[in-house]
Amino acid sequence: MMKLPRVECPKCQRPTAVAPMAGSLTKGHLWRHDDAGARRDPDGSLVSCSESLSIVDLPEVGRQMEFDLGALGPDPAPEPADAMALF
């Protein structure tokens with residue numbers, strides 16, 4: 001399961017999930033969310049915040065995965081003295 005980062009909506013200040021945007025490591029789309037101040041239309045329907053689906057900066061810029069090489073285990077056995085490289 002993937003957990004999406006959250007940012008504060010610029011209009012309603014609610015913490016809202018951000019989906020990464022294809023082709024950009026620094027931008028994403030706010031997920032659709034309701035505005036706490038305008039919960040329903042007169043007919044009773046929920047009202048989405050006007051900033052839903054807008055493009056925002058991601059809280060963390062995409063970065064290269066890092067590996068802790070020391071955590072992989074003990075060093076492999078040394079090569080025998082009579083071993084020869086194939087290539």
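1. **The nonpolar core.** The largest nonpolar core has eight residues in all: V7, C9, C12, V18, L30, C49, V56 and L58. A nonpolar core here is a set of buried Ala, Val, Leu, Ile, Met, Phe, Trp, Tyr and Cys residues joined through side-chain atoms within 4.5 Å. Buried means under 20% relative accessible area, exposed means over 50%, and partly exposed lies in between (1.4 Å probe, protein chains only). In soluble globular proteins, nonpolar side chains tend to be buried together.

2. **What the model is.** This is a predicted model, so local features need pLDDT of at least 70 and side-chain atom pairs count only at pLDDT 80 or more, while totals for chains, interfaces and linings use all residues. Residues are numbered from 1 along each chain as its sequence is written, and side-chain values use heavy atoms, with hydrogens and water left out.

3. **V18 and L58.** V18 sits in strand β2. V18 counts as buried because its relative accessibility is 0%. Not counting residues up to four places away in sequence, V18 touches L4, P5, V7, G28, H29, L30, W31, V56 and L58. Contact means heavy atoms within 4.5 Å. With that same exclusion of residues up to four places away, L58 touches P5, V18, L25, T26, K27 and G28. V18 and L58 are 40 residues apart in sequence, yet their C-alpha atoms are 7.2 Å apart in space.

4. **The overall plan.** The protein chain has zero helices and four strands. Helices (H or I, at least four residues) and strands (E, at least two) are DSSP runs, numbered from the N terminus. Along the sequence the pattern is β-β-β-β. Buried residues make up 20% of the 87 residues in the protein chain. Of the contacts with a separation of 6 or more, 37% are between residues 24 or more positions apart.

5. **The sheet.** In what order do the four strands lie in the sheet? The order is β1-β2-β3-β4, in an open sheet with antiparallel pairing. The edge strands are β1 and β4, and each pairs on one side only. Neighbouring strands of this sheet are turned by 50 degrees against each other on average, direction ignored. Axes are lines fitted to C-alpha atoms (for helices, over the stretch in contact), and angles run from 0 to 180 degrees between N-to-C directions. Strands of a sheet pair through backbone hydrogen bonds, either parallel or antiparallel.

6. **β1 with β2.** These two strands pair in the antiparallel sense over three bridges. Two strands pair if DSSP finds at least two bridges between them. V7 stands opposite T16 in β2. β1 and β2 form a hairpin with six residues between them, and Q13 in the turn has a positive phi of about 65 degrees.

7. **β2 with β3.** Strand β2 covers residues 15-20 and strand β3 covers residues 27-30; the two pair antiparallel over three bridges. The bridge partner of V18 in β3 is L30. A19 stands opposite H29 in β3. β2 and β3 also form a hairpin with six residues between them, and G23 in the turn has a positive phi of about 85 degrees.

8. **β3 with β4.** Three bridges join β3 to strand β4 (residues 55-57), and the two run antiparallel. K27 stands opposite D57 in β4. K27 also forms a salt bridge with D57, the closest N and O atoms being 2.6 Å apart. The pair links distant parts of the chain: K27 is in strand β3 and D57 in strand β4, 30 residues apart. K27 is partly exposed because its relative accessible area is 31%.

9. **Salt bridges counted.** How many salt bridges are there? The count comes to two. The rule asks for a side-chain nitrogen of Lys or Arg within 4 Å of a carboxyl oxygen of Asp or Glu. One of them joins the side chains of R14 and D34 (2.9 Å, N to O). This pair too links distant parts of the chain: R14 is in the loop between β1 (6-8) and β2, D34 is in the loop between β3 and β4, and they are 20 residues apart. R14 counts as partly exposed because its relative accessibility is 27%. Side chains of opposite charge can pair when their charged atoms come close.

10. **S52 in its loop.** S52 is found in the loop between β3 and β4. Is S52 buried or exposed? S52 counts as buried because its relative accessibility is 11%. A polar atom of the S52 side chain lies 3.0 Å from the backbone nitrogen of H33. A polar contact is a pair of N or O atoms within 3.5 Å; within protein, one must be able to donate a hydrogen and the other to accept it, and residues adjacent in sequence count only if both atoms are side-chain atoms. Not counting residues up to four places away in sequence, S52 touches L30, W31, R32 and H33.
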